[in-house]
Amino acid sequence: MTGRDSVDEGADPDQRRPRSVYGVGTDPDVRFSLANERTALAWLRTGLGLVAGGIALTSFASFADLSVLLDVVAAVACVGGGCLAAYALVAWRRNERAMRLGTPLPPPSALPVIVVGVVAFAALVGAYAIWSGSTR
């Protein structure tokens with residue numbers, strides 16, 4: 001078996017899953033598909049990092065008997081991580097279909113939402129830090 005041989009060689013593309021992606025168009029250059037997959041995996045790693053950070057933060061807050069705000073921050077991190085994971089799948093699917101159909105790539109729909117969310121979250125936590133520092 002050479003490096004080019006594989007189990008999928010000669011297989012009907014409609015047999016690959018998800019069929020909504022692989023059942024349309026033609027295979028793009030493998031480099032573009034792999035880049036799309038790496039991007040999705042980066043989104044997944046970020047989401048997993050947020051979930052892990054939220055779990056660590058809520059554990060720390062419960063051991064140290066800290067503010068309820070930390071639990072809220074942890075919950076937001078966990079929910080945000082889950083949303084990023086879901087977005088990774090949706091974006092991968094949209095981009096892969098566009099490449100297979102030869103259409104322009106769709107715009108990154110979640111990016112403006114994530115930027116606004118991060119800025120708002122940073123402003124709220126910063127305001128809380130200033131407020132809590134001035135009341136001590």
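Visitor: Which term applies to Tyr87, buried or exposed?
Guide: The relative accessible area of Tyr87 is 13%. Buried means under 20%, exposed over 50%, and partly exposed in between (1.4 Å probe, protein chains only). Tyr87 therefore counts as buried.

Visitor: On what basis are such values given?
Guide: Residues are numbered from 1 along each chain as its sequence is written, and side-chain values use heavy atoms, leaving out hydrogens and water. The basis is a predicted model, in which totals for chains, interfaces and linings use all residues, side-chain atom pairs count only at pLDDT 80 or more, and local features need pLDDT of at least 70.

Visitor: How many aromatic pairs are there?
Guide: Rings of Phe, Tyr and Trp (its six-membered ring) pair if their centres lie within 6.5 Å; planes under 30 degrees apart are stacked, over 60 edge-to-face, and the rest tilted. By this rule, the count is 3.

Visitor: What type of aromatic pair do Trp43 and Tyr87 form?
Guide: Trp43 lies in helix α2 (residues 30-64) and Tyr87 in helix α3 (residues 68-101), 44 residues apart; helices are DSSP runs (H or I, at least four residues), strands likewise (E, at least two), numbered from the N terminus. Trp43 is partly exposed at 23%. With 5.1 Å centre to centre and 80° between the planes, the pair is edge-to-face.

Visitor: What is the angle between the planes of Tyr128 and Trp131?
Guide: These residues are 3 apart in helix α4 (residues 110-134), so about one helical turn separates Tyr128 from Trp131. Tyr128 is partly exposed at 31%, whereas Trp131 is exposed at 53%. Their pair is tilted, at 6.0 Å centre to centre and an angle of 40°.
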